[in-house]
Amino acid sequence: MPRRHIRVTGAPEAPLRAALTALRAEMGVADGFPADALAEAERAARSPLLPKLDATDIPLFTIDPPASTDLDQAMHLSRLGTGYRVRYAIADVAAFVVPGGALDAEAHRRVTTLYFPDERVPLHPPVLGEGAASLLPGQDRPAALWTIDLDPDGRTLAVDVRRALVRSRARLDYRSAQRQIDERTAEEPLALLETVGWLRERQESERGGISLTVPEQEIVEHDHTCELAYRAALPAEGWNAQISLLTGIAAADLMLAHGTGVLRTLPLAPDGAVARLRRTAHALRIDWPHHVSYADLIRALDPHRPRHAAFLQECTTLLRGAGYTVFRHGVLPEITTHSAVAAPYTHCTAPLRRLTDRYATEICLAAVAGRDAPDWVLFALDALPREMARGTRRANAVERACVDIVEAALLRDRVGELFDGCVVDVEERRPTTGTVQVESPAVIGRIEGDDQLPLGERLRVRLTRADPAAATVRFAPA
């Protein structure tokens with residue numbers, strides 16, 4: 001499920017930043033790594049396991065948010081006859097982490113990088129995640145190098161992955177990459193990102209998939225007053241995501257053919273969930289004709305518009321229920337697809353930030369080499385879905401708490417004001433209590449009234465409480 005991207009800027013001592021610091025302490029989020037894990041990471045940073053294949057001649061580049069230093073992926077795109085070749089280097093975390101060691105144990109405890117609006121708590125120590133394992137420009141790095149050949153329509157023709165030593169030539173951010181592409185000053189490997197990204201978006205549309213791009217909310221705190229701004233994703237961010245999706249689909253296909261793997265799966269949303277979302281769209285005055293699919297509606301929305309931003313936030317509910325599915329010995333699971341991707345899919349492109357990707361990469365390397373996955377992978381495989389579920393629950397709890405704190409800070413000076421909203425959830429046992437999605441600003445809060453709440457209908461609501469210290473926002477029917 002895509003994260004709600006919330007970014008907070010302001011002085012560390014500002015009330016909102018202080019509340020986020022207190023939240024980390026309350027949730028027991030570690031502010032450092034155990035000494036033995038740190039020592040192991042520092043040793044590994046000095047002497048990683050280096051691959052024999054030298055691919056440093058490929059002029060790879062990375063595209064990430066401006067402040068990112070944990071660079072999992074680097075790419076190079078080229079023409080191949082009438083089609084295209086995608087080379088995608090993924091940081092090789094296994095070159096640094098010893099199975100069963102202190103660093104491995106800490107990664108299994110953390111499971112994922114945790115994202116707070118003001119900072120992140122990493123999966124691996126910075127000496128690795130932001131240093132020796134990160135695909136920083138001008139540095140030789142061990143990587144899993146994917147080569148995916150596409151036909152003129154962007155369909156996959158051939159897939160290969162092997163360990164290689166790589167060197168990124170440039171670190172781009174989305175805005176600079178978009179500018180070069182728009183101004184036609186980009187060199188071919190970057191210029192082709194638009195071509196290949198657009199082809200893969202068309203492939204996604206044809207198979208019935210959807211990439212849900214939730215707009216980023218930026219909260220700026222000035223003199224104890226919070227201001228909200230939305231930042232819609234640039235096209236280059238979507239094209240970049242398509243390269244990652246392409247690789248995740250290719251990896252899933254390799255696993256299924258190999259007979260062993262760990263897939264990211266999501267059942268189809270039940271009809272009731274879609275019907276509920278239609279009611280929300282109606283309440284937010286978003287036109288959704290019955291002949292228009294959910295995927296086509298999403299592509300037509302403008303995240304710059306508050307009502308559309310509010311609806312996109314609510315659309316993430318259709319992605320609840322995603323999980324990790326392990327299979328072995330050629331016995332395939334009942335569900336092999338991710339309904340939002342509309343294809344088999346696995347997580348394998350963010351090993352610096354997500355535990356399961358290290359294992360998925362090892363299985364794919366073994367599949368291409370025609371051998372069994374390493375024993376340390378097979379030994380850990382069955383427990384991965386439970387571990388990832390635990391890590392995902394924790395990440396979701398962090399996100400929910402952060403959203404509550406940020407939205408309370410945004411609204412704290414507006415208690416008593418009226419807002420237009422839509423009831424998006426009603427408690428089954430207490431129909432007078434539920435959740436309201438406010439149209440503008442696009443915030444979500446608890447609502448309590450005296451009468452049964454009208455699910456999926458527009459409602460004028462009054463803000464009754466907004467307390468950042470208690471991470472609480474409360475509304476009542478006006």
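Buried means under 20% relative accessible area, exposed means over 50%, and partly exposed lies in between (1.4 Å probe, protein chains only). Strands (E, at least two residues) and helices (H or I, at least four residues) are DSSP runs, numbered from the N terminus.

β4 pairs with strand β3 (residues 73-80) in the antiparallel sense over eight bridges; two strands pair if DSSP finds at least two bridges between them. L80 has G83 of β4 as its bridge partner. Two residues separate the strands of this hairpin, and G81 takes a positive phi near 65° there. β4 also pairs with strand β7 (residues 140-150), again in the antiparallel sense and over eight bridges. In that pairing, R85 stands opposite D149 of β7.

## Basis of the values

Residues are numbered from 1 along each chain as its sequence is written, and side-chain values use heavy atoms, with hydrogens and water left out. As the model is predicted, local features need pLDDT of at least 70 and side-chain atom pairs count only at pLDDT 80 or more, while totals for chains, interfaces and linings use all residues.

## Nonpolar core

The largest nonpolar core has 54 residues, and those with the most contacts inside it are I63, V86, W146, L190, L193, I243 and M255. Helix α7 gives the largest share of this core, 10 residues. A nonpolar core is a set of buried Ala, Val, Leu, Ile, Met, Phe, Trp, Tyr and Cys residues joined through side-chain atoms within 4.5 Å.

I63 is in contact (heavy atoms within 4.5 Å) with L172, D173, Y174, A177, L190, L193 and N240, leaving aside its neighbours within four places in sequence.

## Helix α5

Helix α5 (residues 174-182) has Y174, S176, A177, Q178 and I181 as its buried residues. These pack against β2 (60-64), β8 (156-173), α6 (188-207) and α7 (235-258).

At the start of α5, a side-chain oxygen of D173 reaches to within 3.0 Å of the backbone nitrogen of R175. After the helix comes R184, with a positive phi near 60°.

## The barrel and the helices across it

Five strands close into a barrel in the order β13-β14-β15-β17-β16, with mixed pairing. From one strand to the next the twist averages 50°. V436 in β14 is the bridge partner of V423.

Helix α8 (residues 271-283) lies across β13 and β16 (458-467), running at about 170° to β13. Helix α13 (residues 384-411) lies across β13, β15 (444-448), β16 and β17 (472-477), and runs at about 65° to β17. Axes are lines fitted to C-alpha atoms, for helices over the stretch in contact, and the angles run from 0 to 180 degrees between N-to-C directions.

D357 lies in helix α11 (residues 356-369) and counts as buried because its relative accessibility is 0%. Its side chain reaches the backbone nitrogen of A350 at 2.8 Å. Not counting residues up to four places away in sequence, D357 touches H347, C348, T349, A350 and P351.

S339 is placed in the loop between β12 (323-327) and α11. With a relative accessible area of 21%, S339 is partly exposed. Beyond residues up to four places away in sequence, S339 touches L266, P267 and L268. A polar atom of the S339 side chain lies 3.1 Å from the backbone oxygen of P267. S339 and R184 are 155 residues apart in sequence and 36 Å apart in space, C-alpha to C-alpha.

## Cysteines

The structure holds zero disulfides, a disulfide being a pair of cysteine sulfur atoms within 2.5 Å. For C315, the closest cysteine sulfur is that of C422, and at 12 Å it is too far for a bond. C315 is buried, with a relative accessible area of 0%.

The sulfur of C364 is 5.8 Å from its closest cysteine sulfur, in C348, which is also too far for a bond. C364 is buried, with a relative accessible area of 0%.

Note on methods. A polar contact is a pair of N or O atoms within 3.5 Å; within protein, one must be able to donate a hydrogen and the other to accept it, and residues adjacent in sequence count only if both atoms are side-chain atoms.
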